[in-house]
Amino acid sequence: MDFSIRAANLDDCKDIARMITVSRHVCACSRAHLEQDGFSKNPFFHGIIAEVPEQHRTKEGHTKIGYALYFYTYSSWKGRAVYMEDLYVMPEFRGKGIGKALMSKVAQLGLAAGCNQLDFTVLEWNKSSLDFYLSQGCFDVTADLGYHCMRCEGEALQHLAQP
Amino acid sequence: MNFKIRAAKKDDSKDISRLIMELAVYEKMPDRVMISYKELERDGFSSNPFFQCLVAEVPEENKSKEGHTIVGYALYFYTYSTWKGPSVFLEDLYVMPDFRGQGIGKSLMSKVAQVGKEKQCVRLQLLMRDWNTPSLDFYVAKGAQDLTASEGWHFLRFDGEALDKLANEASID
């Protein structure tokens with residue numbers, strides 16, 4: 001099936017929000033937040049969209065059927081890096097190389113920006129995704145080097161921010 | 001002991017680089033440090049920096065035996081969660097051994113959290129080595145959750161040849 005990958009623009013936020021909401025079975029993701037956070041002067045993230053031609057649109061009429069969100073990070077050891085926050089393809093469009101194409105595009109954009117690493121997180125029970133990523137050549141920093149993901153939020157973060 | 005926490009300036013890059021190497025030695029991986037103060041200058045102090053940095057400074061009379069007054073740093077950057085919005089990632093936090101136990105580490109971390117809060121960040125995240133019990137305990141005592149232990153999150157990475165290969169498979173615009 002024909003598809004194209006391109007940079008996301010402000011108008012795509014509606015479709016990105018739709019796909020985020022559907023993929024997570026949670027209450028609606030805010031399109032307004034995506035517009036504000038991704039398309040202002042100093043965006044927190046960048047996006048790419050996978051699109052199919054009209055004749056392959058979904059029964060609801062959507063042609064934007066996958067996306068990846070990423071942002072630039074930094075390693076004090078290796079320098080510039082890119083983090084892929086989300087990678088998603090609508091179920092009926094899977095198995096056609098679209099997910100792989102989105103991930104490759106993030107890697108290409110990262111290299112063009114001078115990055116040496118492409119990082120992301122996966123849940124350990126998500127075996128099919130883990131196996132896919134490992135087969136593409138990445139390594140498991142948690143399993144191999146013992147790094148744990150730590151988070152402070154809510155009251156703990158408020159408390160931490162007290163001088 | 002008197003100390004102050006302030007935003008790093010470009011001139012601090014050599015000191016930050018020195019402290020990065022000390023931290024890498026502590027993490028038992030000094031041979032993994034590939035960047036020097038020059039990359040820090042280029043990437044941290046332009047109009048669109050890849051990272052932000054705070055340094056902890058002591059007065060001249062308390063300088064280290066090698067003559068350093070910059071005795072700690074915190075290096076961080078802004079990230080994004082499509083679940084929750086802007087977040088801050090603490091890449092490095094380090095205080096020279098002779099200056100520990102004075103609240104400098106806690107002050108650096110609080111300042112990062114404060115700066116993040118001003119930017120509407122809802123999370124502060126970091127990676128921690130599982131053998132680093134003193135640091136793990138420090139963060140958990142401050143209210144951090146270990147998402148790897150509790151939810152099974154793993155951090156994955158493409159670098160080197162694997163990254164080049166992945167990028168080569170992308171379509172050209």
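**Salt bridges and the A–B interface**

Author: Let's begin with A:Arg57, which is partly exposed at a relative accessible area of 44% (buried is under 20%, exposed over 50%, partly exposed in between, with a 1.4 Å probe and protein chains only). A:Arg57 joins A:Glu54 in a salt bridge whose closest N and O atoms are 3.1 Å apart (a Lys or Arg side-chain nitrogen within 4 Å of a carboxyl oxygen of Asp or Glu). Please keep in mind that this is a predicted model, where local features need pLDDT of at least 70 and side-chain atom pairs pLDDT 80 or more, while totals for chains, interfaces and linings use all residues. Residues are numbered from 1 along each chain as written, chains are lettered from A and ligands numbered from 1 in written order, and side-chain values use heavy atoms, without hydrogens or water.

Over all chains, a search of the whole structure finds 22 salt bridges. Within chain A, a network of them links A:Arg6, A:Asp12, A:Asp15, A:Arg18, A:Glu51 and A:Lys64. Within chain B, the side chains of B:Arg42 and B:Asp43 meet in a salt bridge at 2.7 Å, N to O. The accessibility of these two partners is worth a look: B:Asp43 is buried, because its relative accessible area is 1%, whereas B:Arg42 is partly exposed at 46%.

Now to the place where the chains meet. Between chain A and chain B the count is 4 salt bridges. One that you can pick out runs from B:Arg123 to A:Glu153, 3.1 Å from N to O. This pair crosses from strand E5 of chain B to strand E7 (residues 147-153) of chain A (strands are DSSP E runs of at least two residues, helices H or I runs of at least four, numbered from the N terminus). B:Arg123 counts as buried, since its relative accessibility is 9%, and A:Glu153 is partly exposed at 24%.

Around that pair, 70 residues of chain A are in contact with 75 residues of chain B (heavy atoms within 4.5 Å). The area buried between chain A and chain B is about 7100 Å², with carbon and sulfur atoms giving 59% of that area (the accessible area, 1.4 Å probe, lost on being put together, summed over both parts). Across the interface there are also 37 residue pairs in polar contact, both residues at pLDDT 80 or more (N or O atoms within 3.5 Å, one able to donate a hydrogen and the other to accept it; sequence neighbours count only through side-chain atoms on both sides).

Back in chain B, follow B:Lys65 in the loop between strand E2 (52-57) and strand E3 (70-81). B:Lys65 is exposed, with a relative accessible area of 72%. Its side chain makes a polar contact with that of B:Asp98 at 3.3 Å, though the two residues are 33 apart in sequence and their C-alpha atoms are 9.6 Å apart in space.

B:Lys28 is in the loop between helix H1 (13-26) and helix H2 (37-44) of chain B, and has a positive phi of about 65 degrees although it is not a glycine. At 61% relative accessibility, B:Lys28 counts as exposed.

Methods:
Buried area is the accessible area (1.4 Å probe) that two parts lose on being put together, summed over both.
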